[in-house]
Amino acid sequence: SIITQPADAAVGNGEKASVTVEATGDGLAYQWYLKNKNSTKFSKSSVTKKTYSVTMSDSVDGRQLYCVITDSHGHSVTTETVTLSRCFSLLIITQPQDVKTISGVKASVTLVAEGDGLAYQWYVKNKTATKFSKSSITKNIYSVTMSDTVDGRQLYCVVSDSHGNSITSDTVTLSKAVPLAILEQPVQKIEAMAQKKYTISVVAEGEELTYQWKISTNGGATWKNTSSSGNKTSKLTITAKTNYDGYMYYCEITDEYGNKIDAEITTIHLNDYVDNAFTYRLTLDGSGYIVTGCLISDSKLIVPSEVNELSVVEIGEEAFMNNMDLVSIDLPDSINVIRSRAFKNCTNLKEMY
């Protein structure tokens, strides 16, 4: 009689799959019969012991077996039919990775494993905690919305299979990224002279920032990428040319998450001459200079009578408009014209010499 029936066996590829029958009787003889998964009938095997053992492979996977046991009196008994199956060894294929993202965005950690009947259990430890605790997440993906509480959270996952094996993943950290922001905007206007170099810069913060400076030559109607030096950095360097008056520049900044932010526009104002206090343009006949703007915020200004060996003969339109700091201004005798709106909204201007 059969005491213990053989049982199904599942092992990994290349491992031994063994099934055993236990029986009692006189002069027992064993004969195993097998049928592979692509066969239609059982055939006698070469195994004549109580244990059938074979190395697992593609051809063995799905093989069915039974054993006929015969005693010395000619009596026989047949076992139950069992199956040899190939199982996947428990293995982590892809470990979870650290994640950094901005507040309010999902931070997701993924683990890829192989094996039979996998179960997942994530453990967490916040940055203020001293030990890990079991989380409610029992999937291969741990996902949470980034916040101050989540920032610095450590994670690992224990993966178990249906055979009672388990394996532990690497420990990873969830971190809050610096949000994209501009800390210092570029200057709104550059008083430039032809053939001189000027730098426009922006200061921003964020993760893995990239920069792209844009240019408009038609008053902002259309924009395109500029090829000037530093066009993909935080500092753009241009060499002003005689046709650059009114040219406009701005920088598009992108972080590693695809977020974009645009810096303020810088406009080039081309002058024929610039000193430490004023900007100038030549008169049409080239005989003198016109004051076109003021570069300083002093309360008292003195306009020179001569620059570049030419007389300063005119105060141009809107040259000092909206200058709220200006209290007094000393104009040289060489000035013979003050254009309209030259001192508009200079509400604190009390004296003009």
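Rings of Phe, Tyr and Trp (its six-membered ring) are said to pair if their centres lie within 6.5 Å; planes under 30 degrees apart count as stacked, over 60 as edge-to-face and the rest as tilted. In this structure, Y273, F278, Y280, Y289, F320 and F343 form one aromatic cluster. The model is predicted, with local features needing pLDDT of at least 70 and side-chain atom pairs counting only at pLDDT 80 or more, while totals for chains, interfaces and linings use all residues. Residues are numbered from 1 along each chain as its sequence is written, and side-chain values use heavy atoms, with hydrogens and water left out.

**Overall form**

- The chain has 39 strands and zero helices; both are DSSP runs numbered from the N terminus, a helix being H or I over at least four residues and a strand being E over at least two.
- The radius of gyration is 42 Å, well over the 20 Å that the globule rule gives for 353 residues, so the chain is more spread out than a compact globule.
- That radius is taken over C-alpha atoms, and the globule rule is 2.2 Å times the number of residues to the power 0.38.
- Along the principal axes, the C-alpha atoms fill a box of roughly 140 × 45 × 25 Å.
- Of the 353 residues, 39% count as buried; buried means under 20% relative accessible area, exposed over 50%, and partly exposed in between (1.4 Å probe, protein chains only).
- The accessible surface of the chain comes to about 19,400 Å², and carbon and sulfur atoms hold 45% of this area. Accessible areas come from the Shrake-Rupley method with a 1.4 Å probe; for residues, only the protein chains shown count as cover.
- Among contacts (heavy atoms within 4.5 Å) with a separation of 6 or more, 53% join residues 24 or more positions apart.

**Nonpolar cores**

- A nonpolar core is a set of buried Ala, Val, Leu, Ile, Met, Phe, Trp, Tyr and Cys residues joined through side-chain atoms within 4.5 Å.
- The largest nonpolar core has 23 residues, of which A192, Y198, V202, Y249, C251, I253 and I268 touch the most other members.
- Strands β22 (189-193), β23 (197-201), β25 (210-216), β27 (235-239), β28 (248-254) and β30 (266-271) each give two or more residues to this core.
- A second, separate core of 20 residues includes V11, M56, L65 and C67.
- Residue A192 touches Y198, A240, I268, H269, L270, N271 and V274, leaving out residues up to four places away in sequence.

**Aromatic pairs**

- The structure holds 14 aromatic pairs.
- In one of them, the ring centres of Y280 and Y289 are 6.0 Å apart and the planes stand at 65°, so this pair is edge-to-face.
- Both Y280 and Y289 are buried.

- T279 is located in strand β32 (residues 278-282) and is buried, with 0% relative accessibility.
- The side chains of T279 and T292 are joined by a polar contact of 2.7 Å. A polar contact is a pair of N or O atoms within 3.5 Å; within protein, one must be able to donate a hydrogen and the other to accept it, and residues adjacent in sequence count only if both atoms are side-chain atoms.
- A polar atom of the T279 side chain also lies 3.0 Å from the backbone nitrogen of G293.
- E314 belongs to strand β36 (residues 310-315) and is buried, at 10% relative accessible area.
- The side chain of E314 makes a polar contact of 2.7 Å with the side chain of R339.
- Beyond its neighbours within four places in sequence, E314 is in contact with Y289, I290, V291, I335, V337 and R339.
- I329 is part of strand β37 (residues 328-330) and is buried, at 0% relative accessibility.
- The C-alpha atoms of I329 and Y249 are separated by 33 Å, and the two residues are 80 residues apart along the chain.

**Positive phi in loops**

- Most residues other than glycine have a negative phi.
- N308 is not a glycine, yet has a positive phi of about 50°; N308 lies in the loop between β35 (306-307) and β36.
- N308 is partly exposed, at 47% relative accessibility.
- R341, in the loop between β38 (337-338) and β39 (351-352), has a positive phi near 60°.
- R341 is partly exposed, with a relative accessible area of 38%.
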